[in-house]
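Student: I have a model open and a few things to ask. Can we go through it piece by piece?
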Amino acid sequence: MPIAVIDVAGFDLDRVATDKLAASGGRPAESAADALADADVALIVVVNAAQAESALFGSEAAASAMKPGGVIVASPTMAPDDARRLAGKAAAARLLYLDAPISGGAAKAALGQLTVMASGSPEAFARARPVLDAIAAMVYELGDSAGVGASFKMVNQLLAGVHIAAACEAITFAAKLGLDLAKVYEVITASAGNSWMFENRVPHILDGDYNPRSAVAIFTKDLGIVSEMGRREKFPLPVAATALQMFLMTAAAGMERDDDASVARMIAGVTGVPLPEKSDVD
């Protein structure tokens, strides 16, 4: 099967990102509108709905620079209502819209192996297919209207946040018990109590390295959305609510922009349990 050749222009507030794009053969743009000029597909990867709306429909009106009938692939984690609202704005601008949150992080993104949880019209999927195939190992087509993809992502984020909080609690408890934490990691990752988040985040704690791969602020946002969705649906989410409070306490302790494994540092601070420090392992 022939590989599609895609001309890529991109814009980011971080010059390092656009420099990497240039090194990979893409065109660094001077603005969002410049990046979307005459584009068939706009892939929007930002933190939240407000950033997506600003990039597409803000003062630059970048979406209006796209080709008529182009498709917006919107990948921020957001509430389903926000996804539906942005889809309405796209339709008013005579553009197609895919509600297409992603999972996999920077490592999978670099390999083109993201998971995409998308919903939108068949026409939007068809027009976006070359881009989706380029960035993803798995594309789930979950419905024909915006909001469905966002709902799937929020279920994922509920689990992700709970698993991170549980992993941080477990490894700090192990430290309190005086266990060899490296051996705890070895044993648990080979046992039924393991999770992807335990396996991925605990090494940050063992290394004493809290440089953000995914920041605490991501989960105060995402679990906050989950909490609000539960309130609207009159659906109890007690485990997610507890995890949210753990992330909020970590943020309040000054670690909002640090790696989300910093929940372990928050627990350690409250309980007086020592965890590895970076100087211990350098």
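Student: First one: is Ala106 buried or exposed?
Tutor: Exposed, because its relative accessibility is 65%. The cut-offs: buried is under 20% relative accessible area, exposed is over 50%, and partly exposed is in between, with a 1.4 Å probe and protein chains only. Before we go on, note that this is a predicted model, where local features need pLDDT of at least 70, side-chain atom pairs count only at pLDDT 80 or more, and totals for chains, interfaces and linings use all residues. Residues are numbered from 1 along each chain as its sequence is written, and side-chain values use heavy atoms, with hydrogens and water left out.

Student: Which helix is Ala106 in?
Tutor: Helix H5, residues 105–111. Helices here are DSSP runs of H or I with at least four residues, strands are E runs of at least two, and both are numbered from the N terminus. The C-alpha atoms of Ala106 and Ser214 are 9.3 Å apart, though 108 residues separate them along the chain.

Student: New topic. How many salt bridges are there?
Tutor: The structure has 18. Each one is a side-chain nitrogen of Lys or Arg within 4 Å of a carboxyl oxygen of Asp or Glu.

Student: Which residues form a salt-bridge network?
Tutor: Asp81, Arg84, Glu228, Arg231 and Arg232 are linked that way. Within it, Asp81 and Arg84 pair at 2.6 Å, N to O. Both sit in helix H4, three residues apart, about one turn of the helix. Asp81 is partly exposed because its relative accessibility is 37%. Arg84 is partly exposed too, at 42%.

Student: What does Asp209 pair with?
Tutor: Arg213, with the closest N and O atoms 3.3 Å apart. Asp209 counts as buried, at 14% relative accessibility. Arg213 is partly exposed, at 49%.

Student: And where does the second largest pocket get its lining?
Tutor: Helices H4 (80–92), H7 (148–176) and H10 (216–233) each give at least two residues. H10 has the largest share, seven residues. There are 18 lining residues, and Ile225, Val226, Met229, Gly230 and Glu233 lie nearest the centre. A pocket is an open set of points on a 1 Å grid over the protein atoms alone, where a 1.4 Å probe fits, with protein on both sides within 12 Å along at least five of seven lines; lining residues have an atom within 4 Å of a point.

Student: How much space lies in that second largest pocket?
Tutor: About 400 Å³. That volume is the space filled by probe spheres set on the grid points, which are joined across faces, edges and corners.

Student: Now the inside. How many residues are in the largest nonpolar core?
Tutor: It has 34, and those with the most contacts inside it are Cys168, Ile171, Leu181, Ile205, Phe247, Val263 and Leu275. H7 gives the largest share of this core, nine residues. A nonpolar core is a set of buried Ala, Val, Leu, Ile, Met, Phe, Trp, Tyr and Cys residues joined through side-chain atoms within 4.5 Å.

Student: What does Leu181 touch?
Tutor: Neighbours within four places in sequence aside, Leu181 contacts Ile171, Ala174, Ala175, Leu206, Leu275 and Pro276. Contact means heavy atoms within 4.5 Å.

Student: Last one. What is the phi of Asp38?
Tutor: Positive, about 60°, although Asp38 is not a glycine. Most residues other than glycine have a negative phi. Asp38 is in the loop between helix H2 (32–36) and strand S3 (41–44). Asp38 is also exposed, with a relative accessible area of 53%.
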